[in-house]
Amino acid sequence: MTDSIFTKIIKREIPANIIYEDEYVVAFEDVNPVAPIHILIVPQKQIPTINDANLEDTALLGHVILTAAKLANQRGVSENGYRLVINCNKDAGQTVFHIHCHLLGGRIFNWPPG
Ligand code: AMP
């Protein structure tokens with residue numbers, strides 16, 4: 001598998017504003033934010049879509065979500081709320097084929113999303 005743009009960020013081959021990293025995940029600011037807070041939480045392991053994840057990735061995916069919640073708390077939006085999004089394939093508009101969770105906050109989000 002060739003390296004995704006996010007793997008290149010993880011390897012520091014291309015720049016990004018990395019705000020958190022541990023053994024399993026990296027989080028950085030989205031280059032094209034759609035909310036005052038727009039952070040991507042990305043597994044270090046390159047998995048193209050959520051369809052490609054399997055049972056052995058269960059803890060990893062849980063860690064992605066818990067990391068998002070921790071970062072939301074650090075950014076002060078836990079109480080007011082925020083949205084977590086994982087897009088899958090074309091109907092959802094996925095453009096980077098390396099699983100990532102969008103943490104969106106700092107404004108009100110409509111539901112249904114439209
Ligand atoms: P998705 O449409 O769910 O695949 O989301 C991909 C996201 O990655 C978009 O919100 C892009 O703005 C973001 N993105 C693409 N390239 C970069 C980059 N080099 N650094 C930070 N964010 C990026």
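The model is a predicted one, in which local features need pLDDT of at least 70 and side-chain atom pairs count only at pLDDT 80 or more, while totals for chains, interfaces and linings use all residues. Residues are numbered from 1 along each chain as its sequence is written, and side-chain values use heavy atoms, with hydrogens and water left out.

The chain contains 3 helices and 5 strands, where helices (H or I, at least four residues) and strands (E, at least two) are DSSP runs numbered from the N terminus. Read from the N terminus, these elements follow the order α-β-β-β-α-β-α-β. Along its principal axes, the C-alpha trace spans about 40 × 30 × 25 Å. The radius of gyration of the chain, 14 Å, agrees with a compact globule, because for 114 residues such a globule would have a value near 13 Å; this radius is taken over C-alpha atoms, and the globule rule is 2.2 Å times the number of residues to the power 0.38.

Two details of the backbone deserve a look. Arg12, in the loop between helix 1 and strand 1 (18-21), has a positive phi of about 60 degrees although it is not a glycine. Pro112, in the segment after strand 5 (101-105), is joined to Trp111 by a cis peptide bond, with omega near 0 degrees.

What surrounds the ligand? The shell has 16 residues, of which Asp30, Asn87, Thr95, His100 and His102 come nearest, and a residue counts as near if one of its heavy atoms lies within 4 Å. The shell divides into 7 nonpolar, 7 polar and 2 charged residues, with Ala, Val, Leu, Ile, Met, Phe, Trp, Tyr, Cys and Pro counted as nonpolar, Asp, Glu, Lys and Arg as charged, and the others, Gly among them, as polar. Helix 1 (5-10) and strand 2 (25-29) each supply at least two residues of this shell, and helix 1 gives the most, with 3 residues.

Individual atoms can also be followed. An N or O atom in the side chain of Asp30 is 2.5 Å from an oxygen atom of the ligand, and a polar side-chain atom of His100 lies 2.9 Å from a ligand oxygen atom. A nitrogen atom of the ligand, in turn, is 3.2 Å from a backbone N or O atom of Val31.

Methods
A polar contact is a pair of N or O atoms within 3.5 Å; within protein, one must be able to donate a hydrogen and the other to accept it, and residues adjacent in sequence count only if both atoms are side-chain atoms.
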